[in-house]
Amino acid sequence: MDAAVIAIWVLRLIFLALLYAFLWMVVRALVRDLRAAAREPTLELGRLVVTASPSGEPAAGVSFALDAITSLGRDVNNSIVLDDDFASAAHAALTYRGRAWYVEDLGSTNGTFVNGSQVDGLSPLAFGDEIQIGQVRLRLERARG
Amino acid sequence: MTAAPVTAGLRAVGREARRLRITPRFRGRELTLLVIVAIALIVGDLSLGATRLLKEAQLAGDQPPPDLAVLAAPAILVIYLIGLFAVHGALVLAGRRTDQILLPTVGLLGGIGLLLMIRLPQDLAGRLGGLAQTQLLWLVIGLTIVVLLAIAVRNDVWLRRYKYTWAAVGVGLLLLTFVFGRDINGARLSLTIGPFSGQPSELLKVILVVFLAGYLSENRPLLQEESTRLGPFRLPPLPYLAPMVAMWAIALGIVIVQRDLGAALLFFAVFLLLLYVSTARFSFVVLGLAAFVVGAGLLYFVFDHVRTRIDIWVDPFADPTGAGFQVVQALHAFARGGLIGTGLGAGLPSIAGRPPIPALHTDFPFAALGEELGLVGILAVLGLYLVLVERGLRIASAAQDEFRAILAAGLSLVIGVQAFIIAAGNLKLIPLTGITLPFVSYGGSSLLANSVIVGMLIALSERTREPLPPPRRPGRIRRLLDRGAA
């Protein structure tokens, strides 16, 4: 009788202990995952991915990490240099204000387009939107976290 | 002799896999965790079987049998474990770099629920068969859904592009239930179409999150604008508050027509959380809570069924054998459980062969776990739900765009909020509402809906960079802002 009761006690305690063993292993994995994510440079606020670029500079598929202010154009002093015949020297600027991205046309000759419609002055950008400058198309994406 | 066709078949499968660029990928973490889950469930079942034998012997006045080491329902447990490892195997073969923690966590919750169903009187639900058998059937179907979604969903265009269609489907389901639903225990929840019956509100919570993810990711910049002022609050343009008001009205409608307080609370809470997640504006939450208080106050004074629930919550001991019976019994169950519980199978002295709480298998599994596993056990169960929510939010933070981020956050918050509402209801922390404890409660609709959620979360967690869908045409916001600029 006593032996049976003790055996059941032990089984119950092992069951509870196993629940916590599982939780402990999961939490350890979660913490490791979060630490690994924290080690990665997360200072970037977003990424700009080149989806089409006939001139090959920048090449299609390249992605740029963005700072709060990013200038785009043909001039070599821009943050992102677009060697495209239809891009102006100082073509457009991407800015991160508050919690949102904005694109601003800097008086370019051929204009800046977002999802196919021309930007007039300052325009908000959402992640996933496509910007066209000259013949270069770029897509704004969230930073990899 | 039979080896030749088999190897030929394997080669064909291999060729097909290479053509689709599928390479199996070892999922070590998932396997380790699943092994612990399997051991834990087997030990739990052993303790349940031994307790049961001992109780039978005591009732008969005999000595306990010398060999107590028996599984309570070996076939059911083994089938469930085989199902879990089969899902793992399928995910390994599919070779996607997806989350490895969700499946074992859900597997453990489902297994604990299954142990509870094995332990309860088998004729509680049974139209199809025993309680545990039916639950096993639903769990296996649920696992199938998880694996299908986790492997097959690679693209979310079908979700994001048709968000208003989804919303229409959801409202349609709701209206169908309003009109054709059957009343059970005063709540009009279940809908029967031909041979099938189910609770549409379970599916509705998934549809709601899909719609909200689509709507909020598209209109976020606008909702963050501050053009209307209401006292100390700055609000977005008034037309864009319409969905908020609509949500509030839907929640009220569910309470009034369906008398389903739990679903209404769940929908409204998830809606407010998602609004906060996507806009980071606390004023929305304050405004939403104010609307909730006003709505709840109105309902309390106008509708009897709401007032009954609140009165029971305030003082269940006013009528301990009538209206407050369930809640009082649940509180006693927690008290009997104490720190480490009475042990699986040892709780709940039944009254004439019935458990003391009528809806134990659907609405009060948390109380049953509290009695049999004690405070230590239910804290572990709550920890498992926290893990699910953490994984969901982590998947959201790593998502490539806002739709996926809000979708992942919303799906995991549905599970978290639902677990909180029913656990807190069982504990008399908030008024009791009849919703299920995800993955633990008995019930097909609930298990299926939650399986859909887990399957989609696993699919959304994929690490490789998939091409995003083509950019949408300039939306309403853009046109509006253009007009404003001009």
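## Strand β1 of chain A

In chain A, β1 and strand β11 (residues 136-141) run antiparallel and are joined by five bridges. V50(A) has L138(A) of β11(A) as its bridge partner. Strands here, like helices, are DSSP runs numbered from the N terminus (strands: E, at least two residues; helices: H or I, at least four), and two strands pair if DSSP finds at least two bridges between them.

Strand β1 (residues 47-52) of chain A also pairs with strand β2 (residues 63-65) of chain A, in the antiparallel sense and over three bridges.

## Model and conventions

This is a predicted model, in which local features need pLDDT of at least 70 and side-chain atom pairs count only at pLDDT 80 or more, while totals for chains, interfaces and linings use all residues. Residues are numbered from 1 along each chain as its sequence is written, chains are lettered from A and ligands numbered from 1 in the order in which they are written, and side-chain values use heavy atoms, with hydrogens and water left out.

## Five-stranded sheet of chain A

An open sheet of five strands in chain A has the order β4-β3-β5-β6-β9, with mixed pairing. Its edge strands, β4 (80-81) and β9 (122-125) of chain A, each pair on one side only.

Four bridges link strand β6 (residues 100-105) of chain A to β9(A) in the antiparallel sense. Y102(A) has P124(A) in β9(A) as its bridge partner.

## Confidence

The average pLDDT (the predictor's confidence in each residue, from 0 to 100) of chain B is 82, and 81% of the residues score at least 70. Residues 466-471 of chain B have pLDDT below 50, and this stretch has 13 contacts in the model beyond near neighbours in sequence; contact means heavy atoms within 4.5 Å.

For the complex, the predictor gives an ipTM of 0.83 and a pTM of 0.79.
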